Amino acid sequence: MTTEAMSPTTAVEVVLPGRVGPNELVITRRILPPLGPGQTLVRVDATGVSFAEQQMRRGKYYDQPPFPFVPGYDLVGTIVDVGAGVDRILLGRRVAALTKIGGWSSHVVLEAAELVDVPEGLDAAEVETFVVNGITAWQMLHRIAKIGAGQTILVHGASGGVGSTLVQLARIARIRVIGTASAHNAAVVDALGAIPVDYRGDVPQQVRAIAPEGVDAVFDHVGGPGIVDSFQLLAPGGILVAYGSASTKDHAGNSRLPVLKLYTRLLWWNLLPNSRSAHFYNIWAGKRRLTRFRRRIAEDLGSVFVLAAQGRLHAQVAARIPLSEAARALELAESRTVTGKVVIVPDIER
């Protein structure tokens, strides 16, 4: 079970060297350092391409590290070695982790405290689609918006990774969902249980036709000028949850400026006497209180995994692509031609 960890482990890593095209990613090999106290060596069974990596390639992610670095926002893997102070009973256990960077690798060294158990019997690639997407969707719906049965929400990008997970979680909670998507993906949104709206049309008009009094919450990753429509579509007492600025990903200039502008606008709206509220969701909020942060991640992701194990939450895997072809995975994810999440899996020969 642990033979690959008995000698120094050489990790195959995909490096993002700078603001480059997908085909300019670099595959390298690196000998990993010995494990320290509390650490584990995890063999990566699945990682993925989220919107964060797409932004990082452009140098547009809000707090990304300086180039070069190994991207990979989250992963699912198997513990193959443990450091001092970590129970060896964990060897062979499948786990998930939120990493921000580093996941596009064959092996990673992670703190045992940041790992979340994965229920037995679940496919690694399918589980991978629920890590960052599941945490984001669960926390926005249940911790931030606190929407319940019988209420109505609007989800932008309902056929995407976060969007499709959010729609499913909302429907499980008996919440009515309106979801924007392209006309091509309308059937996908409908199959998830939401009412599809064509984002290329007049979205406010279409939403008002379905919910004349407005919606109880809007989940918006797009930002830009359309964020005003999102706020105006709220019913009295409604909440806007913004969690990105996808509309500005190709804009030149400071990567932090679009987010700061969005955050400032949300703060201003909260000061107005309009009975509506706005919130910017950041998955890393609260990390300064690390123990509490990790406990909350484990609780929320654990809740998502339970629903997946019960067959109530279904993975949206757009494609499974080997680590050595990470460039193709990134290119496919950026093409906007697929539904769900592109997952990076180990090469067959590993």
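**A loop proline, a helix pair and the aromatic residues**

I begin with P225, which sits in the loop joining β11 (215-220) and α7 (226-232). Please bear in mind throughout that this is a predicted model. Is P225 buried or exposed? Its relative accessibility is 73%, and P225 therefore counts as exposed, the cut-off being over 50%. The C-alpha atom of P225 is separated by 9.8 Å from that of L262, a residue 37 positions away along the chain.

I turn next to a pair of helices. Two packed helices are described by the angle between their axes and by the distance between those axes. For helix α3 (residues 132-145) and helix α9 (residues 290-309), the axes come within 9 Å and cross at roughly 100 degrees. On the α3 side, the contact is made by G134, I135, W138, Q139 and R143. On the α9 side, the contributors are R296, I297, E299, D300, L301, S303, V304 and L307. Sorted by class, this contact comprises six nonpolar, three polar and four charged residues.

Finally, the aromatic residues. How many aromatic pairs does the structure hold? There are six. One of them joins F67 and F69, whose rings are stacked, 5.6 Å centre to centre with 15 degrees between the planes. F67 counts as partly exposed because its relative accessibility is 25%, whereas F69, at 7%, counts as buried.

Conventions: Residues numbered from 1 in each chain as written. Predicted model: local features only at pLDDT ≥ 70, side-chain atom pairs only at ≥ 80, totals over all residues. Heavy atoms only, no water. Phe/Tyr/Trp six-rings, centres within 6.5 Å; stacked < 30°, edge-to-face > 60°. Buried < 20%, exposed > 50% of the residue type's maximum accessible area, 1.4 Å probe, protein only. Helix = DSSP H or I, 4+ residues; strand = E, 2+ residues; numbered from the N terminus. Axes fitted to C-alpha atoms, helices over the stretch in contact; angles between N-to-C directions. Contact = heavy atoms within 4.5 Å. Nonpolar A, V, L, I, M, F, W, Y, C, P; charged D, E, K, R; others polar.
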